[in-house]
Amino acid sequence: MTLPKKILVATDFSKPAERAGEVALAWAERLGAEVHWAHGVEHLPASTPPRAAPLITSYVEKARQLGEEQLSAAVDGARSRGLRAEGHVVDAPAARGVVELARELDVDCVMVGSRGHSALQNLVLGSVAERVARDAHCRVVIVRGEATPGSPGTVVLGDDLSALSENARADALALAQVLAARLDNVHTPPLGVPYFSSLGLVLPDG
């Protein structure tokens, strides 16, 4: 595995997104990586009624301005820690914009919080995380929990012994080593009996 040297944080400036940024900064310090932030601001929809266009245009412009200010603060904070950092306002729906920017910047890793703004959290950053994980060309880390950002303690790998798992196994091992974390490799053998197929087995060493 080549450890990440360029990390992109997808942010809507919610608490979970801030948490993803904290993890990205902690990893960047350990890995010597640069950090980029991406914030999506959508254009005026083509179907907008003419009477509503000025109001929505004003809202979009204010959202873009606020996004630029918050990105600037995040970048300044990273640079104050001696890191290379940049912020990007993306004029596109969040998930698509993050995926396209990740490819344009050729980043090694995208970090995103598991929840975002709004009472409909699963329909906001939650769905963005899912779509980014599905469509990005690189590794995607979905950040959740409250552990110390730079010291995860334990890395858990769900291993189904497939070719994809081989890649994940190498990544997990390398990250566990550089982050001084314990690595737990978990595999549940298929039992072939539907009633028991949801049970997890703990197999002794040797």
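Asp 171 is buried in this predicted model, with a relative accessible area of 17%. Its salt-bridge partner is Arg 139, and the closest N and O atoms of the two are 2.7 Å apart. The pair links distant parts of the chain, since Asp 171 belongs to helix α5 (residues 163–178) and Arg 139 to strand β5 (residues 139–143), 32 residues apart. Arg 139 counts as partly exposed, at 29% relative accessibility, whereas Asp 171 is buried.

This bridge is one of 12 salt bridges found in a search of the whole structure. Side chains of opposite charge can pair when their charged atoms come close. Another of the bridges joins Arg 81 to Glu 29, with 2.9 Å between the closest N and O atoms. Arg 81 sits in the loop between α2 (53–80) and β3 (85–90) while Glu 29 is part of helix α1, so this pair ties together parts that are 52 residues apart in sequence. Both partners are partly exposed, Arg 81 with a relative accessible area of 41% and Glu 29 with 42%.

A local counterpart is found within helix α1 (residues 15–31), where Arg 19 and Glu 22 are 3 residues apart and therefore separated by about one helical turn. Their salt bridge brings the closest N and O atoms to 2.8 Å. Arg 19 counts as buried at 15% relative accessibility, and Glu 22 as partly exposed at 36%.

Strands of a sheet pair through backbone hydrogen bonds, either parallel or antiparallel. Here 5 strands form an open sheet with parallel pairing, arranged in the order β3-β2-β1-β4-β5. The edges are taken by β3 and β5, each of which has a single partner strand, so one side of each is left without a neighbour in the sheet. From one strand to the next, the twist averages 20°. Strand β1 (residues 6–10) pairs with strand β4 (residues 109–113) in the parallel sense over 4 bridges, and Leu 8 stands opposite Val 110 in β4. Helix α3 (residues 94–105) packs on the sheet and touches β1, β2, β3 and β4, its direction making about 165° with that of β1.

Strand β2 (residues 34–40) contains His 36, a buried residue with a relative accessible area of 5%. The side chain of His 36 makes a polar contact of 2.7 Å with the side chain of Glu 34. Leaving aside residues up to four places away in sequence, His 36 touches Lys 6, Ile 7, Leu 8 and Val 9, along with Glu 86, His 88 and Leu 105.

The cysteines complete the picture. A search of the whole structure finds 0 disulfides. Cys 109 is in no disulfide, and the nearest cysteine sulfur, that of Cys 138, is 6.6 Å away. A disulfide requires the sulfur atoms to be within 2.5 Å, so the separation of 6.6 Å between Cys 138 and Cys 109 is too far for a bond.

Methods
Residues numbered from 1 in each chain as written. Predicted model: local features only at pLDDT ≥ 70, side-chain atom pairs only at ≥ 80, totals over all residues. Heavy atoms only, no water. Helix = DSSP H or I, 4+ residues; strand = E, 2+ residues; numbered from the N terminus. Buried < 20%, exposed > 50% of the residue type's maximum accessible area, 1.4 Å probe, protein only. Polar contact = N/O pair within 3.5 Å; in protein donor to acceptor, adjacent residues only side chain to side chain. Contact = heavy atoms within 4.5 Å. Salt bridge = Lys/Arg side-chain N within 4 Å of Asp/Glu carboxyl O. Pairing = 2+ DSSP bridges. Axes fitted to C-alpha atoms, helices over the stretch in contact; angles between N-to-C directions.
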